[in-house]
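Hi everyone, thanks for making time for this one. I'd like to walk you through a single chain, so please have the viewer open and follow along.

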Amino acid sequence: MAIDALKRLALFIILCLAQVLVLNRMHLFGYATPLLYIYFVLLFPRNYPKWALLLWCFSLGLVNDTFSNTPGVACASLTLIAAIQPYYLEFFVPRDAIENFEPTLRSLGFGKYTLYSMPLVLLYCLVFFALEAFNFFNWEQWLLSAVASTALTAVLIWVFEYAKGGKLAEPQI
């Protein structure tokens, strides 16, 4: 348990530093901003305590808001995704899977992992940019930013999963 917490803390720090120091300064075509710290939420295993998941994600959002000058936007959006993730993950976990099943590219396969990660990333980006704009007068820019950021973030998540050792072949359950 302590090793798991240390691994999560290391990933927490790495994703915070990457987002704050590098990724927040990237705005491809003026719309797409990679929001890689969502990857942190996607990695939580089945049957992880919901209170701990919410606490980790709230803290990650708070740290990102503090250093990105987006008061409460990432925190609220990430906490929403953390509240949904355990229930949404159950749709993709096989019934005979182990209790601490981790949703990865290797364990789910490319198709299921895409169906698992993309809606959560899209919902996060929609909520994030809606709270950031706080109006819908320029809804085309809001929608374009959300969709472009979703696509860019999803590609980065796939790259990280593949680099971590995921295969694009059949799932290893």
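Predicted model: local features only at pLDDT ≥ 70, side-chain atom pairs only at ≥ 80, totals over all residues.

I'll start with the overall fold and then go through charges, rings, the surface and a few backbone details.

Residues are numbered from 1 along each chain as its sequence is written, and side-chain values use heavy atoms, with hydrogens and water left out.

So, the fold. The protein has seven helices and zero strands, and from the N terminus the order reads α-α-α-α-α-α-α. Helices here are DSSP runs of H or I with at least four residues, strands are E runs of at least two, and the numbering goes from the N terminus. The C-alpha trace spans about 50 × 30 × 25 Å along its principal axes. For 173 residues, a compact globule would have a radius of gyration near 16 Å, and the protein agrees, with 16 Å. That radius is taken over C-alpha atoms, and the globule rule is 2.2 Å times the number of residues to the power 0.38. Of the 173 residues, 43% are buried. Buried means under 20% relative accessible area, exposed means over 50%, and partly exposed is in between, with a 1.4 Å probe and protein chains only.

Now to the charges. How many salt bridges does the structure hold? There are two, where a salt bridge is a side-chain nitrogen of Lys or Arg within 4 Å of a carboxyl oxygen of Asp or Glu.

One of them joins Asp4 and Arg8, with the closest N and O atoms 3.6 Å apart. These two are four residues apart in helix H1, so about one helical turn separates them. Asp4 is partly exposed at 26% relative accessible area, whereas Arg8 is buried at 6%. Arg8 also lies over the face of Tyr48, 4.9 Å from the ring centre. For that contact, NZ of Lys or CZ of Arg has to be within 6 Å of the ring centre and within 35 degrees of the ring normal.

In the other bridge, the side chains of Arg46 and Glu90 meet at 3.5 Å, N to O. This pair links distant parts of the chain, 44 residues apart: Arg46 is in the loop between helix H2 (39–42) and helix H3 (50–68), and Glu90 is in the loop between helix H4 (73–89) and helix H5 (105–108). Arg46 is buried, with a relative accessible area of 15%, while Glu90 is partly exposed at 38%.

Tyr48 brings us to the rings. Ring pairs link Phe12, Phe40, Phe44, Tyr48 and Trp56 into a cluster. Rings of Phe, Tyr and Trp (its six-membered ring) pair if their centres lie within 6.5 Å; planes under 30 degrees apart are stacked, over 60 edge-to-face, and the rest tilted. By this rule we get 15 aromatic pairs. Take Phe40 and Phe44: their ring centres are 5.2 Å apart and their planes are at 90 degrees, so the pair is edge-to-face. Both Phe40 and Phe44 are buried. Phe128 and Phe129 are also edge-to-face, because their centres are 5.2 Å apart and their planes at 90 degrees. Phe128 and Phe129 are buried too.

Let's move to the outside. Which helix gives the most to the nonpolar patch? That would be helix H1 (residues 2–21), with five residues. The patch is on the surface, has about 1,100 Å² of accessible area together, and includes Leu6, Leu9, Phe29, Tyr31 and Leu144. Patch members have over 30% relative accessible area and no salt bridge; like charges are joined within 9 Å, and nonpolar side chains (Val, Leu, Ile, Met, Phe, Trp, Tyr) within 5 Å. The areas come from the Shrake-Rupley method with a 1.4 Å probe, and for residues only the protein chains shown count as cover. Leu6, in helix H1, counts as exposed at 58% relative accessibility.

Last, the backbone. Most residues other than glycine have a negative phi. Asn47, in the loop between H2 and H3, has a positive phi near 65 degrees. Asn69, in the loop between H3 and H4, has a positive phi of about 60 degrees, and is exposed at 69% relative accessible area.

That's my tour, and I'm happy to go back to any view.
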